[in-house]
Structure formats: C-alpha cells, structure tokens
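Work through the exercises below with the sequence and the structure in view, and try each task before you read its solution.

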Amino acid sequence: MTANVQDVVIIGGGISGTAAAFDLARSGATVTLLEKGELASMASGWTLAGVRQSGRHPAELPLAQAAIKRWKTLNEELDADVEYRQEGNLRLARTAQEVDIIAAIVTEQRQLGLELSFLQDNEAVRAVAPSLSEAVLAASYCPTDGHANPVATVQAFAAAAKRAGAKIRTQTAVTGIEVAGGRVTGVQTMAGPIAADAVVVAANVYASQLCAAIGLPWPLTADHVSVVQTVPLPPLLKQVLGVANADFAGRQEVNGRLRMTARTGPWTWPDGELAADDVQPPAHMVATVINRASVVLPAAAGARLARLWGGLIAMTPDGLPVIERSPEIEGLVIAAGFSGHGFCLGPITGRIICDLVSQGETPLPIQP
C-alpha cells in the first residue's frame, strides 16, 4: 500500500465492490464497504450470471480473459462454492441474417485470439446441445465460457473480505462523497460521516449521480431486464445461451432451474425512492421471455415457473464501463457502468480497483 492510503470506503455491495473489498483488505488497507440495501440486491443479484469472453468488445476481451483465469480457482481462493462451471457459451442464429452476424463475430474474435468455433448448421449445434430446437440455424461456441451463482459469489467475496478484516455495512445509504482541497476525505451516510483516504464508487445505476454531486458528471442511463426462473428440471443444457441480436439469454443453473432473461427497454426512474415492486417485470415481458426461450429450447414452454423478477443495467453510451482513478479528485476510484456484462469481470475488476487505490495504476489494460 502507498503510505497515504490507509482507510478505504467502497460504495456498492455487488461483485465489483465485494471483490475490491477482499483484495484491498488482504493487501493491508482498512476497508469499509457500504451498501444501501443488501449484498447482491442490485445488478449482481439480478444477472443471468454468465461468465463469458465471447461476444466481448475488443477493449474488454483482455479483461474477460484475465477474469476467467481467476474464476477457475475462485472456489479455493474464497473457500466457498460459487457454483462456477466452465461448460461453454452458445450464441445462436435463428434467421439467415443472424447466421451472417454470428459468422462475422467468430471471424473477428478468433483473430483476437479467442477459442471460438462456428457451428454452421443445426446438426452441428445439436451435437453440442441436443435439447435445442431445429429453429437454431447456426451458432458460435466458446468452450471456455461458463456461468456461476451470482448471489453465492458476492456473499463469498464479502465473507472472505470480512475474514481479511474488512467491515461490511448493509442498509447504509451513502448520501454524498466529501471532498476538500482536491481530494476525497470520506463519505456522508444516513448513519453519519465516515472518513477515508480513498473512496471507490462501485454503485451501479447510482454511480453517476454520486459523481455528479462532486462536479464529475458522466452519462449513465438504465435499461430494465425481465428475468424468469423455473422450478428444477432434469438436465437439459450445460452451456449459457445468447442470440445474435441479444434479445434473449438463458442457462440452466446447477440446481436445475432455467434462468431466462430479456431486456425490457430503457428505464424511467419513478418519483421518490426506488422500491422493489418498481422493477418487477411487466406481464407482457414475462410472456416474451418464455416465447423466445421456447423457440430455441422447447422444454422451456412446459416448465413451471418459480420466480419472476426485474433488474436495472447501468448503461454507458459506448457500452463500455468506466474504470479509472479520477485525475480530477485524488483518492477517488470509479468502477461502474458495466452495461450488462460486468459479472464475469468482477474478480478482475476487484483486482484493478485494488491496484488503482494502492498504486495509482494497474498492469491490466484499462486505457480504452
């Protein structure tokens, strides 16, 4: 640790924040993580929880590849089962136009060094995933992608952070970041002030308003996602499913439940405090999720439903996250705006945050 960074406050109890708390605490910092709700109560709990490299923007791909290396040993590192399975990702084509899109993605990403195959017809696709339907014309297949349990992963990082000495405070909303003389001095919370040498903003959809209040506005919008989960089913699918135009994704969890998602569209904030019911999915989107799932995975049509929920994705204009140590305010580190694909990156985002707080820079490629 650098001599002038001793006390760190992390805002946000998702995978980025808890991973950062773990890495910072074990590197010697005094860490307090603040979460306005419960751990994994926002994007990290709502997510499909795919752990993928395929389909990444070239700027993000090296981070995803670094994250996969850590995911492989995360159970041992955290002394917990995060239900990580490296069983592949299939991105499906349902029309002739989508076949061309998938073929182009495979060509581009193979040139970037990713292990990715083009399954050029239905027979090839169903040789990998027999439960898929004849409506799937082709697919990309990345065998080194996978999935994990999002809530278990966040809780495992938080528990490991506590063992390393971090304090985790839930139901503690941060109302503002304190700045004096061009550097952070702490945060204000509903329970009072907390002093800090460094503040990490890993607050998902709330990140931009916290930054704007200290003179660092940046554009962040929210998209709504509808999620449908079934009762446990017999083994159907090992791979995570996506589609060429990204209007559906799904997977079968370790417990046998199908977890299926689709984006509802841009989110309009309600007046007043966000309530749990505000983000529940509209009925028409529940039907949409099931219909899109059933086209590619017929068994989904007859599955009994267990849970429905909605979530918010923090979107930047270019779909890439903001990860940086602020050049304007000393001691401020931002890691937010992951635009729906931050769960896989979480373990490596935590390491990057630790580097930026303690050293001011990171060897990982965040320049883009």
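## Exercise 1: A residue in a loop

The side chain of Glu253 makes a polar contact with the side chain of Gln229, at 3.0 Å; here a polar contact is a pair of N or O atoms within 3.5 Å, where, within protein, one must be able to donate a hydrogen and the other to accept it, and residues adjacent in sequence count only if both atoms are side-chain atoms. Before going on, note that this is a predicted model, in which local features need pLDDT of at least 70 and side-chain atom pairs count only at pLDDT 80 or more, while totals for chains, interfaces and linings use all residues. Residues are numbered from 1 along each chain as its sequence is written, and side-chain values use heavy atoms, with hydrogens and water left out.

Task: find where Glu253 is placed, and decide why it counts as buried or exposed.

Solution. Start with the place: Glu253 sits in the loop between strand E15 (249–252) and strand E16, where strands (E, at least two residues) and helices (H or I, at least four) are DSSP runs numbered from the N terminus. Next comes accessibility, for which buried means under 20% relative accessible area, exposed over 50%, and partly exposed in between (1.4 Å probe, protein chains only). Glu253 counts as buried because its relative accessibility is 9%. Finally, leaving out residues up to four places away in sequence, Glu253 touches Gln229 and Arg259, a contact being heavy atoms within 4.5 Å.

## Exercise 2: A helix and its cover

Task: compare the reach of helix H9 with its expected span, and list what covers its buried residues.

Solution. Helix H9 covers residues 283–296, which are 14 residues, and from its first C-alpha to its last it reaches 21 Å, close to the expected 20 Å; that expected span is 1.5 Å times one less than the number of residues. The buried residues of H9 include Met285, Val289, Ile290 and Ala293. Among the elements that cover the buried residues of H9 are strand E13 (221–232), strand E16 (257–266) and strand E17 (305–315).

## Exercise 3: A closed space

Task: say how many cavities of 30 Å³ or more are counted, and describe the lining of the largest cavity.

Solution. On a 1 Å grid over the protein atoms alone, a cavity is a set of points where a 1.4 Å probe fits but cannot get out, and lining residues have an atom within 4 Å of a point. The count comes to one cavity of 30 Å³ or more. The largest cavity has a volume of about 40 Å³, a volume being the space filled by probe spheres set on the points, which are joined across faces, edges and corners. Its lining includes Leu237, Phe248, Arg251, Met260 and Ala293, and the elements that give two or more residues to the lining are E15 and E16. Ala293 also belongs to the buried residues of H9.

## Exercise 4: Two loop residues

Task: state where Gln171 and Asp197 lie, and explain why each is classed as it is.

Solution. Gln171 is in the loop between strand E8 (167–169) and strand E9 (174–180), and although Gln171 is not a glycine, it has a positive phi of about 55°. Gln171 counts as exposed because its relative accessibility is 53%. Asp197 lies in the loop between strand E11 (192–195) and strand E12 (198–201), and it counts as partly exposed because its relative accessibility is 22%. The C-alpha atoms of Asp197 and Leu332 are separated by 8.9 Å, with the two residues 135 residues apart along the chain.

Conventions:
On a 1 Å grid over the protein atoms alone, a cavity is a set of points where a 1.4 Å probe fits but cannot get out, and a pocket is an open set with protein on both sides within 12 Å along at least five of seven lines; lining residues have an atom within 4 Å of a point.
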